[in-house]
Amino acid sequence: MRNLQTFIRDTIRKPPVLFPLLAVFHIGMTVYVIYADLLDKHLWAQVLWMLAFSFFWLFICDLRKWAAMGYLILTSIDVILYFIMHSEKSIYVSNMFLLDVLFSFFIFLFYKKFE
């Protein structure tokens with residue numbers, strides 16, 4: 001079992017440089033969505049999307065296959081909901097729809113390095 005300091009060091013040093021930068025981006029977007037949607041109770045789904053994507057991306061930085069698969073499944077669900085809802089204004093679809101697809105592409109590129 002690793003301690004928190006070892007986990008943080010591994011998430012910075014093990015993956016390609018792009019992954020920790022995207023982790024900071026995910027965490028920043030999560031904080032922004034929580035702050036922006038604090039007053040609007042109808043956008044709770046956006047907060048849940050961002051928390052889930054940030055959680056999986058944090059463990060992607062540790063090169064965990066289960067996290068990569070979780071992120072890909074979450075992105076797939078998001079894409080399916082996007083096409084079923086037929087609306088870009090749906091509150092049940094992630095605001096970062098296209099970015100999540102792009103980030104999934106990076107996961108596919110580096111999937112062989114995951115443990």
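Begin by selecting Lys 14, which counts as partly exposed because its relative accessibility is 30%; the scale calls a residue buried under 20% relative accessible area, exposed over 50%, and partly exposed in between, with a 1.4 Å probe and protein chains only. The model is a predicted one, in which local features need pLDDT of at least 70 and side-chain atom pairs count only at pLDDT 80 or more, while totals for chains, interfaces and linings use all residues. Residues are numbered from 1 along each chain as its sequence is written, and side-chain values use heavy atoms, with hydrogens and water left out.

Lys 14 lies in the loop between helix H1 (4-13) and helix H2 (18-36), and Glu 115 in the segment after helix H5 (97-109), so the pair ties together parts that are 101 residues apart in sequence. Helices here are DSSP runs (H or I, at least four residues), and strands are likewise DSSP runs (E, at least two), numbered from the N terminus. Glu 115 counts as exposed, at 53% relative accessibility.

Now select Arg 64, which is partly exposed at 24% relative accessibility. A salt bridge joins the side chains of Glu 115 and Arg 64 (3.5 Å, N to O). Since Glu 115 lies in the segment after H5 and Arg 64 in the loop between helix H3 (44-60) and helix H4 (65-85), this pair ties together parts that are 51 residues apart in sequence. Asp 62 is buried, with a relative accessible area of 1%. Show the four residues together: salt bridges with shared partners join Lys 14, Asp 62, Arg 64 and Glu 115 into one network.

Most residues other than glycine have a negative phi. Leu 63 is buried, with a relative accessible area of 7%.

Move to helix H3 and select Ser 54, a buried residue with a relative accessible area of 12%. Its side chain reaches the backbone oxygen of His 26 at 3.1 Å. Neighbours within four places in sequence aside, Ser 54 is in contact (heavy atoms within 4.5 Å) with His 26, Ile 27 and Thr 30.

Finally, display H4 and H5. Their axes are 10 Å apart and the helices pack at an angle of about 145°; axes are lines fitted to C-alpha atoms, for helices over the stretch in contact, and angles run from 0 to 180 degrees between N-to-C directions. Residues of H4 including Tyr 71, Leu 72 and Val 79 meet residues of H5 including Val 101, Phe 103 and Ile 107.

Notes
A polar contact is a pair of N or O atoms within 3.5 Å; within protein, one must be able to donate a hydrogen and the other to accept it, and residues adjacent in sequence count only if both atoms are side-chain atoms.
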